[in-house]
Amino acid sequence: MCFFSLTAMSQDYFIKKISFDDRTNTGRSIVQHNQRIYILASHFCDDLECSSLAELSINGDTLWVTKLPQIDIGRSSLLMHGDTITVTGNNAPLNTKFRVAHFDLNGKELREIIEIENPTQQFNQMFQLTSVRFQNKTLVTGTGMQNSIEYGLIYVMNAEDELDTLIMIEPQDKLSIMWNIAVSEDGYLYTYHEIDESILNKERKIINKFDKDFNLLWRYQSEDTFKWDGGSYGDVLEDGRVLLVTYSPLSNSPHSSIRAINQDGSIDWQYDVPYSPFGDDGIQEVISRVTQLASGDILCMGRYTNLMLDEPIRDSPFMYKMNTEGEIIWKRVFYELDPVTGVSRVGLVKDAIELDNGDIYGIGWMDYDGQREVFILKVDADGCLDAEDCEFVQVITDTEDLEIRNDIKIYPNPVYDILTIDIDELPEKVQIYTTDGVLIKTERKSKEINVSDLVKGIYYVKVYIDGSMSVVAFVK
């Protein structure tokens with residue numbers, strides 16, 4: 001197992017890569033508890049799908065990792081309750097039971113991993129997708145196939161990890177997947193389903209609302225839409241309106257929309273996500289998650305494509321913020337150029353949280369040389385890696401053409417505390433990198449850089465002056 005990071009932007013805001021395995025790595029979930037940040041990632045353990053739980057610092061450093069070789073996690077499988085971390089998933093490769101594990105805040109296992117099954121309801125296959133705490137109980141949810149019928153499943157677990165209730169909903173003989181589950185501020189449970197009951201390659205999105213005793217109070221059903229691998233996602237706003245990511249009934253194409261649904265089932269507003277794969281602009285925005293932030297605004301996460309730019313963007317990580325009336329506040333694409341292929345790296349933002357100061361801390365995956373790696377990012381409340389240079393496209397790698405200068409000197413070398421740039425002009429920007437290419441410090445409009453906080457080692461300093469750049473090595 002190895003952990004490393006690349007393409008960090010600064011100490012405050014960054015994008016970093018983390019690897020838990022030498023094959024596919026995917027960042028799934030991120031939560032914050034008492035100012036501590038925890039992530040959950042999926043990868044492989046030998047030939048089986050498994051996962052890892054980790055704690056990160058506010059600066060994106062990996063503090064510890066606990067590998068979970070027995071749990072194949074779903075899209076949202078990380079829960080916090082009290083001082084306990086709960087991870088849920090499948091028993092890969094059989095996928096016939098759900099599994100639950102509990103850890104303390106430092107990643108130490110509190111009890112043995114248990115498997116959940118019902119003595120009277122057996123399933124040929126089960127896939128855990130998301131979990132939630134509701135009425136002081138753990139709900140492990142997903143989908144299960146029983147003979148030829150597929151059900152949305154809710155396993156309700158008590159404090160002793162014993163099965164309290166099994167709820168089976170939306171049975172279909174073709175497709176019934178519970179992608180998401182949410183708890184409202186006023187204590188109701190909402191489930192998000194994708195169902196297919198036709199032979200016309202169409203599907204519907206279903207939202208069910210339950211009270212604390214799991215009585216069905218309300219059911220919303222969308223119109224038939226184009227069949228495409230998009231899932232069913234959403235959240236419940238503080239005022240009771242329900243968010244749903246679905247498809248617009250505009251054409252037979254995967255044209256997503258985000259709609260706010262009133263409690264009477266009417267649509268309060270709908271934002272149609274740009275999608276024109278065959279048009280002149282070639283723009284696609286694909287949304288994989290939507291959530292209401294602590295500030296009240298709505299954060300949307302996914303990937304972005306624009307093939308008509310001078311440097312085309314293909315499926316790059318993407319986020320945007322809107323207000324509760326569906327009006328866009330900002331959009332940000334996180335673009336990294338692959339130096340080998342010369343095209344943007346494919347990636348996706350999977351989950352994000354809002355910190356107390358409004359900063360956004362997210363997790364997802366990005367493709368590096370044909371292999372997925374977990375990436376984490378921290379941006380400010382406006383989605384910026386650099387507030388002084390914040391555009392729609394946030395460039396992670398430096399792709400600009402700069403004149404390379406060799407006349408800049410630095411002293412002292414070795415340095416103990418203050419590194420001085422020996423040049424007449426005032427640098428526009430000075431950046432310090434490790435030998436692995438990690439950017440760890442940025443200063444602007446200064447010839448003196450305090451490096452007393454750096455550990456002993458070899459570093460590179462890049463000095464930017466009026467369209468030119470110089471690279472000099474130094475020793476700390």
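## Burial and overall make-up

A residue is called buried when its relative accessible area is under 20%, exposed when that area is over 50%, and partly exposed in between, using a 1.4 Å probe and protein chains only. By this rule Cys 45 is buried, and so is Cys 50. The structure is a predicted model, in which local features need pLDDT of at least 70 and side-chain atom pairs count only at pLDDT 80 or more, while totals for chains, interfaces and linings use all residues. Residues are numbered from 1 along each chain as its sequence is written, and side-chain values use heavy atoms, with hydrogens and water left out.

The protein has 476 residues, of which 57% count as buried. It contains zero helices and 38 strands; helices (H or I, at least four residues) and strands (E, at least two) are DSSP runs, numbered from the N terminus. The protein exposes about 20,500 Å², and carbon and sulfur atoms supply 46% of this area. Such accessible areas come from the Shrake-Rupley method with a 1.4 Å probe, and for residues only the protein chains shown count as cover. A contact means heavy atoms within 4.5 Å. Among contacts between residues at least 6 apart in sequence, 48% join residues at least 24 apart.

## The largest nonpolar core

A nonpolar core is a set of buried Ala, Val, Leu, Ile, Met, Phe, Trp, Tyr and Cys residues joined through side-chain atoms within 4.5 Å. The largest one here has 25 residues, and those with the most contacts inside it are Ile 258, Trp 269, Ile 298, Cys 300, Tyr 320 and Met 322. Several strands each supply at least two residues of this core, including S14 (175-183), S20 (242-247), S24 (298-306) and S25 (313-322). Strand S25 gives the most, with four residues.

Leaving aside residues up to four places away in sequence, Ile 298 touches Leu 237, Leu 243, Trp 269, Val 290, Thr 291, Gln 292, Tyr 320, Lys 321, Met 322, Asn 323 and Thr 324. Cys 300 has a relative accessible area of 0% and is therefore buried.

## Disulfides

A disulfide is a pair of cysteine sulfur atoms within 2.5 Å, and by this rule the protein has two. With bonded cysteines counted along the chain, the pattern is 1-2, 3-4.

The link of Cys 384 and Cys 390 is left-handed, with -85° about the S-S bond. Cys 384 is buried because its relative accessible area is 5%.

## Backbone features

Most residues other than glycine have a negative phi, and most peptide bonds are trans. Glu 170 has a positive phi of about 50° although it is not a glycine. This residue lies in strand S13 (residues 163-172), and Glu 170 counts as buried because its relative accessibility is 10%. Asp 315, also not a glycine, has a positive phi of about 50° and lies in strand S25. With a relative accessible area of 25%, Asp 315 is partly exposed.

Cis peptide bonds are found from Ala 92 to Pro 93, with omega near 5°, and from Asn 413 to Pro 414, with omega near 15°. Pro 93 lies in the loop between strand S7 (84-90) and strand S8 (98-103). Pro 414 lies in the loop between strand S32 (409-411) and strand S33 (418-422).
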